[in-house]
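Reader: I am new to this structure, and I would like to know what stands behind the words used to describe it. Could you take me through them with care?

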Amino acid sequence: MKNLFTYVLILVFLTIRVSPAHGENLSLHHLKKKVVENPDSVLNVLFNLEKGENKTIPVYQIALLKSIAYNEKRMFPLVEKYAREALANDSINNNEAEKINAWTLLATAQTFFGNYSQSISSLSEAMLSARASGNLAAELNILLTMAKTSFEMNQRQKGYDYIDQILSRGGASRDVRVLANVSSAYGVKVVELFTDDRFDDALKEGGKRLELINRIDQLGGAPDGYTDQQRAYTYARLASCAQNAGKKEEALNAYEAFNKTQFASTPFGRAYIIDYLIGAQKWDKVLAATSPLYPFLTNGDTINEDYRSLLRSDAVAMAGLGNYKEAYALSLRESAIRDSLYNRENTLRANEMASIFALNEMEMNLTNARNSLQKRKIFSGFALALAILAFIIIFLLFRAYRKSVREQKIAASRVDEMIELNSIKDNLKDSDRENMDMFAEMQTKILNSNIFKDPGFNRESIITCSGLPRTKVISLIEHYTGLSINDYINKLRVEHSVKLIQEHPDWTIDAIAEECGYVRRATYYSHFNKFFGITPAQYRKQKKDK
């Protein structure tokens, strides 16, 4: 989610035109340049402008600048409020670039609140403006945002469809800006294929991205270091994909290619290869990659997700090296930061509500001074319409809620039934007693040792643990479970997570995911939903209610 917000924010400033149009007041140009750096000072100027009689900036521009400023402050209720105000003003229809900005800001706020379908609708409006102005680069950026929103909604095929539109429409372009968007689309596709455990497909798409980056180099015009950085990102992801696919030599080649990039020699560049190093169990190299990052992350506030992720990577590496004492200490620090982040989030929300309240009070006084007579005339009709609308919304929400609860109860009961059925199937007799005993012994070793909870646990780990030949392990798993090795590992993890949800109702979903060997929350959600047709949070809620 956080990455989606960042991307949409970038989109806003890719599409905005900061140069003043003909006849535009220079102060507007100045405010556009300052809004990212000093959102509070820009807001003060805008509110003072509204108090005056002679406004030098159009009303819709004031609302749009407010929305951008509050987007910088991550105050999304106000982002939505002022984006809607800008779009409600007819004058914005004369500036397609500003319409793109307003619709995109509105989509940003809607995505933050989880209103994904509304976000897609707003992005569709932004798309119309982008096409009307012939801005292909902005159009592809919007499509990519729509793809990411679809993935967040777990509408994965729709997300892939949006990605394929970008590749089809922009792939043949000779405009470096357009090709940069295509490269980003390839990057998102590789990440999502990796999430879906489609490692071979991810490797193919990563290869296509490398070819595209070579084309950008041949055309020229890209910023210094851009293609080198893009190659580093791609090689790092290819290394992880190949490692998870069991193609160790290919993974090593991608790792070596990553090391040859200039970006790989920077502290932040090395961070992108950590996933591969953990999967390959190169514990010393994990520590070597994380070590240079500490001076940057400990200079200021260490209560952030980046520092927490750094501690977790080091904890895994220390455990891999057998230094369990240090691993435990790092895990404690990581847990403390997680708790602090939760508390800080609550504090920020309280401060945000206080700011919104104060702002509403100020705007209410201003509006009353200008429009008190008009408000008295329309108040009765507005109140009645609002009451009717509220009743309709509450009624529809209540119906949708009851339907959702019924569906979740059915899905939760099916989870328990599926696990019980799997337990029964494990005890069925097989005509080939020797193979059945081998499979039972192998699974017992895996479960008793808890090695399946290691993020680096893969096919090779099962072979090593069982002591059986590779082909024998594959045939046993396919015969007795009907699953591939990757699906078998995922099944062990999500079934273990069900047990943790039942035994530890106070644990967070993130904690349960990490305990079961998942590095990414999205991957855990995807696997759980794949096996059980319900999310972990929904399952836990139904168990508590029951």
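Author: What follows sets a few values against the definitions behind the words.

Author: This is a predicted model, in which local features need pLDDT of at least 70 and side-chain atom pairs count only at pLDDT 80 or more, while totals for chains, interfaces and linings use all residues. Residues are numbered from 1 along each chain as its sequence is written, and side-chain values use heavy atoms, with hydrogens and water left out.

Reader: What does S67 touch, and what does its side chain reach?

Author: Leaving aside residues up to four places away in sequence, S67 touches V79, Y82, A83 and L105, a contact being heavy atoms within 4.5 Å. Its side chain also reaches the backbone oxygen of V79 at 2.9 Å, and a polar contact is a pair of N or O atoms within 3.5 Å, of which, within protein, one must be able to donate a hydrogen and the other to accept it, and residues adjacent in sequence count only if both atoms are side-chain atoms.

Reader: And what makes S526 buried?

Author: S526, found in helix α25 (residues 521–532), counts as buried because its relative accessibility is 14%.

Reader: How do you know how α7 and α8 are oriented?

Author: Helix α7 (residues 116–132) packs with helix α8 (residues 136–152) at an angle of about 170°, their axes 9 Å apart. That angle makes α7 roughly antiparallel to α8, since angles under 35 degrees count as roughly parallel, over 145 as roughly antiparallel, 65 to 115 as roughly perpendicular and the rest as oblique. The axes are lines fitted to C-alpha atoms over the stretch in contact, and angles run from 0 to 180 degrees between N-to-C directions.

Reader: What kind of aromatic pair do F151 and Y160 form?

Author: A search of the whole structure finds 16 aromatic pairs. F151 and Y160 form one that is edge-to-face, with 5.1 Å centre to centre and 75° between the planes. Rings of Phe, Tyr and Trp (its six-membered ring) pair if their centres lie within 6.5 Å, and planes under 30 degrees apart count as stacked, over 60 as edge-to-face and the rest as tilted.

Methods
Helices (H or I, at least four residues) and strands (E, at least two) are DSSP runs, numbered from the N terminus. Buried means under 20% relative accessible area, exposed over 50%, partly exposed in between (1.4 Å probe, protein chains only).
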